[in-house]
Amino acid sequence: WEFNGSFYQPSAFLMMGIPGMEALHHWISIPFCALYLVALLGNCMILFIIKKTQSLHEPMYYFLSMLAVTDLGLVLCTLPTTLGIFWFNVQRIGFDACLTQMYFIHTLSFIESSVLLAMAFDRFVAISHPLRHSSILTKTTVIKIGLAIVLRGVVSLLPIPFLLKRLTYCRKTELSHSFCFHPDIMNLACADIKVNVLYGMVILLSTVGMDFIFIVLSYILIIKTVIGLATKEECLKALNTCVSHICAVLVFFIPMIGLSMIHRFGKNVPPLVNTLVAYTYLIIPPALNPIIYSIKSSHIREALLRALWRKSD
């Protein structure tokens with residue numbers, strides 16, 4: 001412990017695996033390894049296919065590439081500490097290292113939320129203004145949107161580590177997860193955390209909350225446009241282009257909202273439920289997104305089959 005007058009700060013935190021199942025961690029690590037492997041290979045495959053296939057150099061697939069890079073970042077943020085606990089029972093993480101991991105996890109989550117919004121906007125333009133789609137979402141515009149998304153995530157969360165460093169902490173250092181999460185660290189403090197709570201809530205609502213609202217509005221406008229199409233076949237064809245994105249939105253936002261609610265209002269929620277929702281939020285979307293897009297996108301699927309056919313030759 002570092003001591004400076006009445007100021008206490010732990011030198012390290014202790015991360016937890018799955019509560020009540022510590023003896024089974026080696027067996028539990030098997031499905032986790034499988035999910036991490038699927039997420040790493042799947043997202044790398046998506047990036048490789050899009051890079052190598054000229055016909056996929058379109059706004060929709062540029063945004064999909066951003067989603068894949070973000071998912072890879074989330075996987076690489078949590079993989080070392082999660083498997084470190086399951087394989088080697090390494091629970092200790094330095095204070096500054098914990099704040100760094102927390103910052104990147106939250107930043108990448110906010111970036112993923114913004115990328116999903118950009119993908120919703122792309123679908124809206126493609127369905128509502130198909131003839132102007134390429135002129136509205138040019139390559140330069142997509143790059144600017146990508147830079148704005150990254151800048152918003154990086155800047156909006158920059159104060160969080162410093163707000164946590166100013167706090168005085170109690171003797172309890174056990175975190176609820178195998179990764180560092182802002183509400184989890186904040187609740188270990190003995191000081192007044194009103195500023196942290198308020199800032200976290202404002203940033204969450206003004207970024208992820210607004211993203212979700214605009215995604216819903218985008219789909220309301222898409223449905224309004226689709227209803228006006230001449231034939232049922234055209235209507236189904238237009239909606240079919242949105243299925244992958246809708247699945248990705250649900251897979252990301254439902255666990256995220258659940259985890260946020262548990263940390264803020266679920267004081268009596270069993271620790272096991274809290275842990276499972278957290279893992280669902282951070283591991284399932286990166287693993288499922290490549291599968292969803294590979295199954296639902298005929299262009300991705302065909303490009304993948306062509307790449308495999310060339311390798312077999």
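Let me begin with a definition: a residue counts as buried under 20% relative accessible area, as exposed over 50%, and as partly exposed in between. Please keep those limits in mind, as I shall return to them for each salt bridge. The model I am presenting is a predicted one.

I start with the chain as a whole. It contains 12 helices and four strands. Its C-alpha atoms occupy a box of roughly 70 × 45 × 35 Å along the principal axes. Among contacts between residues at least 6 apart in sequence, 80% join residues at least 24 apart.

Next, the annotation. An unreviewed UniProt entry places the feature "transmembrane region" at several stretches, including residues 142–164 and 243–264. Over residues 142–164 the model is 91% helix and 0% strand, with the end C-alpha atoms 35 Å apart. Over residues 243–264 the figures are 100% helix and 0% strand, and the end C-alpha atoms lie 32 Å apart.

I now turn to the charged pairs. How many salt bridges does a search of the whole structure find? The search finds three.

Let me take R152 and D211 to begin with. Their closest N and O atoms are 2.6 Å apart. R152 lies in helix α5, residues 139–156, and D211 in helix α8, residues 194–227, so this pair ties together parts 59 residues apart in sequence. R152 has a relative accessibility of 30% and therefore counts as partly exposed. D211, by contrast, has a relative accessible area of 2%, so it is buried.

Another salt bridge joins the side chains of K165 and D96, at 2.9 Å from N to O.

The remaining pair is R123 and D122, whose closest N and O atoms are 2.9 Å apart. Here both R123 and D122 are buried.

Definitions and conventions. Residues are numbered from 1 along each chain as its sequence is written. Side-chain values use heavy atoms; hydrogens and water are left out. UniProt positions are given in the numbering used here, feature names are shortened, and annotations may be inferred rather than shown by experiment. Helices (H or I, at least four residues) and strands (E, at least two) are DSSP runs, numbered from the N terminus. A salt bridge is a side-chain nitrogen of Lys or Arg within 4 Å of a carboxyl oxygen of Asp or Glu. Buried means under 20% relative accessible area, exposed over 50%, partly exposed in between (1.4 Å probe, protein chains only). Contact means heavy atoms within 4.5 Å.
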